[in-house]
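This report looks at the pockets, the ligand site and some backbone details of one structure. The sequence and the model are shown first, and the description follows.

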Amino acid sequence: MSALKQIEEVRTSFLTELDDVNQDLNQIEQFRTKYLGRRGKIASLFSLMGKVSDEERPALGESLNKLKNELNVLFENKVLEFNLSRQREEDDLIDLSLPGKQQRLGSIHILEQTLSEIKDIYRSIGFHIAYGPEVDDEYHNFTALNVPEHHPARDMQDTFFIDPETVLRTHTSNVQVHLMEDQDPPIRYIVPGRVYRNEAIGYKSYCLFHQVEGIYINETVSFGELKGCLEYFVKQMFGIKKKMRFRPSYFPFTEPSAEVDIWDEERQQWMEILGCGMVNPMVLNNVGYDSNRFHGYAFGMGVERIAMLKHKISDIRHFYSGDIRILEQFI
Ligand code: PHE
């Protein structure tokens, strides 16, 4: 058989078989090996070069190269076509009636939301915001606040000790002392922060919680102003109809002292949300203020309890559970 005829035969069978190639990658690969591979039909046609005369060789070479290029292009087009149709099949598989994937968005925790409401209310009536240490010495947490060593008042708040002189603060009142040590009166601050108590855990008590301390010191400050300030707060936070009451109480660092209760609609009982009072002159003396000239009030409120009352959250432990079903209710 002449060389040209052999070329023509390979070309024809190539074209015929190529038409049938459209099933899978395996088939394509087999076809490629058969024709275009290193030992494929086209490569073996090139061995004809050695068998023809010197005169015929250039023309044969040219035809072989042409064939090789042509078939390569045809094959590559086939592969492209195959990939395209596969892509189309995949696209057809998309079920447009399926519901979309729900993306979960993070949100601000309900405690943080409550805290920022509290801050806004006090900011609007002239309080600045300050922060202080959560790990503090006994002096700032107790002694300077007129709670001497071995005084039973230290048992009022069961304390976590870091070492014999260092505590996890049991209230934000330690920051009252820091602020007064650092600045001369008048001062007017609220101090949000975390506090820790080693006490029995229940629906309204946890081993850690948040307080917002308030302190106002000036030349003339009255108990009436303290009451007015706290009433204003409760009305802003809960609405003017919310039932509240002041109840006489005792704190070593205030005199006189009181607590504020809010009516808990769910449980039909009072819930204490804060302690307050006129800053005890002993405390003013401890920080070097002239207690004959300066007076002040202070309060410390529980953020969790305020959030519980406002949002009908039944248990303080919900704030720390990280349960998505709780978190989602307050987005
Ligand atoms: N520190 C008190 C408590 O944690 C609250 C309080 C603050 C009372 C300031 C009076 C004045 O219970």
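## The second largest pocket

Helix α12, residues 324-327, contributes the most to the lining of the second largest pocket, giving 3 residues; helices (H or I, at least four residues) and strands (E, at least two) are DSSP runs numbered from the N terminus. The lining of this pocket consists of 15 residues, and those nearest its centre are Leu105, Ser107, Ile324, Glu328 and Ile331. A pocket here is an open set of points on a 1 Å grid over the protein atoms alone, where a 1.4 Å probe fits and where protein lies on both sides within 12 Å along at least five of seven lines, and lining residues have an atom within 4 Å of a point.

The volume of the second largest pocket is about 260 Å³, a volume being the space filled by probe spheres set on the points, with grid points joined across faces, edges and corners. By class, its lining has 8 nonpolar, 5 polar and 2 charged residues, where Ala, Val, Leu, Ile, Met, Phe, Trp, Tyr, Cys and Pro count as nonpolar, Asp, Glu, Lys and Arg as charged, and the others, Gly among them, as polar.

## Basis of the model

This is a predicted model, in which local features need pLDDT of at least 70 and side-chain atom pairs count only at pLDDT 80 or more, while totals for chains, interfaces and linings use all residues. Residues are numbered from 1 along each chain as its sequence is written, and side-chain values use heavy atoms, with hydrogens and water left out.

## The largest pocket

The largest pocket has a volume of about 570 Å³, and of the 31 residues that line it, Arg197, Phe209, Gln211, Phe251 and Glu272 lie nearest its centre. Two or more lining residues come from each of α7 (173-182), β6 (208-218), β8 (254-264), β9 (269-279), β10 (295-302) and α10 (303-311). The lining divides into 13 nonpolar, 10 polar and 8 charged residues.

## The ligand and its shell

The ligand takes up the space of the largest pocket; a molecule is said to sit in a pocket if more than half of its atoms lie within 2 Å of its grid points. Around the ligand there are 15 residues, of which His171, Ser173, Arg197, Gln211 and Gly300 come nearest, a residue being near if one of its heavy atoms lies within 4 Å. Strand β10 gives the most to this shell, with 3 residues, and the shell divides into 5 nonpolar, 8 polar and 2 charged residues.

Several polar contacts (pairs of N or O atoms within 3.5 Å) can be listed. An N or O atom in the side chain of His171 is 3.0 Å from a nitrogen atom of the ligand, and a polar side-chain atom of Ser173 lies 2.9 Å from a ligand nitrogen atom. For Arg197, an N or O atom of the side chain is 2.8 Å from an oxygen atom of the ligand. The ligand taken alone exposes 330 Å², of which the protein buries 95%, with accessible areas taken from the Shrake-Rupley method with a 1.4 Å probe.

## Backbone details

Pro185 and Pro186 are joined by a cis peptide bond with omega of about 0°, and Pro186 lies in the loop between α7 and β5 (187-196). The peptide bond from Glu255 to Pro256 is also cis, with omega near -5°, and Pro256 lies in strand β8.

Terms used. Polar contact = N/O pair within 3.5 Å; in protein donor to acceptor, adjacent residues only side chain to side chain.
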